[in-house]
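Here is a friendly briefing to read alongside the sequence and the coordinates.

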Amino acid sequence: MSTQPLSPMTLPVDDNINPYSFCIDLHGEWFMQKGKMIAYYGQMRFESLAATSLSAMVAVRFSSPLYSRDWIVAAGQGKLILGDRGYDLNAYDLDNGNLTIRAANLSAFQPSLSLKQSIVPGFVTLIGSGKFVASSNGPVMFVEPPLRVDPDALVGWADCPSPSHHYDANWMSGFLQAAQGFFGRNSGEERQFDFTGTGTVLMQSSEAAVHDPSVLRNIESQVPLLGQPDLRTLHTRIGQQLQQSQQ
Amino acid sequence: MVAQLRTNGHRVVEAHLNGDSVKALTGSMVAYEGKVQFKKASFGGGEGVMKTLKRKATGESLDLMECVGQGVVYLAQMGSYIELIALAGDKLSVESSALLAYESTLSTNVTFAGMHGMSAGQGLTTTSVSGHGAVAILSDGPAICLEVSPQYPVTVDPQAYLGSSGQLQQGFVTGVNWKSLIGEGSGEPFSLQFSGTGRVWIQPAER
Amino acid sequence: MGFEKMNSKVLKVPVGPGREVLARRGAMLGYTGDVRFSPVRSGGGSIGGSLGSQLSGESAAMMVAQGSGEVFYGFQGLTYAVVDLSGAEMLTVESNRLLVHDANLNSAIVPLTAQQSGGGFRAGLRSAATGAMTGQGMFTSQLSGVGSVAVLAHGEVLELSVRADKPVIVDPQAFVAARGQVQVSLGANVSFKEARSGEMFQLTATGQGTVYVQASERKF
């Protein structure tokens, strides 16, 4: 009938409790995104990256000013349970490797890994050896290239080259012929990310991307740079998008 | 034979009625077989506590209905996971908006634990369920049950808290300033700390 | 036939010559191989012109996938149930709950305002406004033939058998699909005393077959 109770002795060590929650056996530090802690046993402190006493370690391991305000350091001893808005959580081991992952999908990682901001907007790169925890809308699927993926379903990729854009020429001409009247509506059938080479692509089970607050910050920071005509164009574009998303 | 709650998969609970009743959230019936009537019922605790209980996130009213008759009622709520807890003379405190259904042999009472600096809304409303019988509670994702003992107290995010039982002292840890206040999940400015002996149930998501 | 479950939210479907599939627009998450996607009108032309485009939100646009490869389908993190039709029975489902199905299946679209009798969705309603009140879509698809259909749901899908002596009453917002010789009629909810406005209607399924019910009263 009901779930068996867990205690600090029986909780999994650096492993999932169920598909949506993960238990870190903390003895030292872990980087964690804000808001992912749901419970803990033991003595720990949680400090934002700017205010932490561990600033030297942070400076070396976390070089992404765009995302630093979303992250904290968890330091201490005990069992730390993570959950993220009911998304699927999974841990992966990186062994002297590199993985580029959508920033919004990265929940926590060990400080033996370094985080860098990727030139692909919205993504960060983890380098080194260590464990990290990723969240996704529906379980993650690992697929090898060659593969084309709906950008909203993409979580990340390891080892293979960065993807390129692919516009389906057949779809575009079919669309014009059928005159369906879908204005500016972007679905996965029209443009995809194209992966080639050797490596692994991580896909989530939904084209509803995990919410990333940095995208809005990025756009907001560029608005003052726009002149009147561009502002009006942006205004119209936003109006169209809002209408589309309400259908 | 007394009415019984049974799980069917993770997100549906069946109420097997044999001339008697179970109480459940209005609107949670997805299907039924047999001859069943659904009547309006009320949460215990009287009018003084809170006239209308509301669901914390959406502010919708929570009403209870009584399902009575002969047959099977299939209960579910928004695709949430359901945790079935059996009480044998003890008391379960449940975050009010997480209570889905309970066998009518149980009695309930509602208490309001105060605002504690929470954002406009409901504060902490707790329903206590006691007696002998089964209670079905809602969980966003499979519920996790954590033991509490004097050697290991536990600290919990209030938005993940579902319920607790046993001899527990509940405290509030304030000054948690690391919770993000922008975008998804505007966290509450405190955590719940439980000490003593008992159990705490949490969901792997913030409400 | 050939639909492979990746997890509760994603299906992997092989596509080949003579094995095309029709899927809801926006449900393609990724693909391998050489696959082309083209839009089609739903229901093989039975709904067209201005009516079809006005109500395009309900009768969701479909895409045909052709070529040779495998396609990953999923829609907004919703779960799905796969029904394999053997040729002897019909599946009745709201058109916008269709995730993907074999293109060789016969599919007819029935708007709520033009009800057939004898099998299928016999609602006994006279106006589309009632469709809006019950949360039911305005278009229902009837599929038959030999092939597989994946239908969308919010939460798990319960399969309840319907027998002549055992009808099943379903909350209209939780109704996913019906299969077999099942008549589904919409009526007033007499079993609710002092019901809230949301509970005024119920669907009664009678006959012989299966109804699929989702563990949620939210019509996505």
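**Strand pairing in chain C**

C:Gln181 sits opposite C:Gln208, a residue of E13(C).

- Within E13(C), C:Gln214 stands opposite C:Val157.
- Strand E11 (residues 168-170) of chain C is another antiparallel partner of E13(C), with three bridges between them.
- Here C:Val168 has C:Ala205 of E13(C) as its bridge partner.
- In a regular strand, side chains alternate between the two faces of the sheet.

**Chain C as a whole**

- Chain C contains two helices and 13 strands.
- Of its 220 residues, 48% are buried.
- Take the contacts in chain C between residues at least 6 apart in sequence: 82% of them join residues at least 24 apart.

**Where chain A meets chain B**

- How many residues does each chain bring to the contact? Chain A supplies 29 residues and chain B supplies 31 residues.
- On the chain A side, the elements giving two or more residues are strand E1 (5-6), strand E2 (15-18), strand E4 (37-48) and strand E6 (71-83).
- E4(A) provides the largest share of that side, with eight residues.
- By residue type, the chain A side divides into 14 nonpolar, 11 polar and four charged.
- Strand pairing also crosses between the chains: E1(A) and strand E9 (residues 144-148) of chain B pair in the parallel sense over two bridges.
- In that pairing, A:Pro5 has B:Cys145 as its bridge partner.
- E4(A) is joined to strand E10 (residues 154-156) of chain B by three bridges, and these two strands run antiparallel.
- Inside chain A, E4(A) and E6(A) pair in the antiparallel sense over 11 bridges.
- A:Gln43 and A:Gln77 are bridge partners, the latter in E6(A).

**The largest nonpolar core**

- Which members of the largest nonpolar core touch the most other members? Of its 170 residues, they are A:Met203, C:Tyr73 and C:Val151.
- E6(A) gives the largest share of this core, eight residues.
- Leaving aside neighbours within four places in sequence, A:Met203 has contacts in chain A that include A:Val140, A:Met141, A:Val143 and A:Leu154.
- A:Met203 is also in contact with C:Leu29, C:Gly30 and C:Phe72 of chain C.

**Backbone details in chain A**

- A:Pro145 and A:Pro146 are joined by a cis peptide bond, with omega about 5 degrees.
- A:Pro146 lies in the loop between strand E11 (141-143) and strand E12 (147-149) of chain A.
- A:Asp14 has a positive phi of about 50 degrees, although it is not a glycine.
- This aspartate, A:Asp14, is found in the loop between E1 and E2 of chain A.
- Why does A:Asp14 count as partly exposed? Because 15 other C-beta atoms lie within 10 Å of A:Asp14, and the partly exposed class falls between 12 or fewer for exposed and 20 or more for buried.
- A:Asp159 also is not a glycine, and its positive phi is about 70 degrees.
- A:Asp159 lies in the loop between strand E13 (154-158) and strand E14 (164-167) of chain A.
- A:Asp159 has 14 C-beta neighbours inside 10 Å, so A:Asp159 counts as partly exposed.

**How confident is the predictor?**

- The complex receives an ipTM of 0.82 and a pTM of 0.81 from the predictor.
- Chain C has a mean pLDDT of 78, and 72% of its residues reach 70 or more.
- Where in chain C is confidence lowest, and where is it highest? The lowest is in helix H1 (residues 49-54) of chain C, at a mean of 37, and the highest is in strand E2 (residues 10-15) of chain C, at 96.
- Over residues 42-58 of chain C, pLDDT stays under 50, and the model has 25 contacts beyond four places in sequence for this stretch.
- Residues 113-135 of chain C also have pLDDT below 50, with 36 contacts in the model beyond near neighbours in sequence.
- Where pLDDT is low, the predicted coordinates should not be read in detail.

How values were computed:
Residues are numbered from 1 along each chain as its sequence is written. Chains are lettered from A and ligands numbered from 1 in the order in which they are written. This is a predicted model: local features need pLDDT of at least 70, side-chain atom pairs count only at pLDDT 80 or more; totals for chains, interfaces and linings use all residues. Two residues are in contact if their C-beta atoms, placed from the backbone, lie within 7 Å. Helices (H or I, at least four residues) and strands (E, at least two) are DSSP runs, numbered from the N terminus. Ala, Val, Leu, Ile, Met, Phe, Trp, Tyr, Cys and Pro count as nonpolar, Asp, Glu, Lys and Arg as charged, and the others, Gly among them, as polar. Two strands pair if DSSP finds at least two bridges between them. A nonpolar core is a set of buried Ala, Val, Leu, Ile, Met, Phe, Trp, Tyr and Cys residues joined through C-beta atoms within 7 Å. pLDDT is the predictor's confidence in each residue, from 0 to 100.
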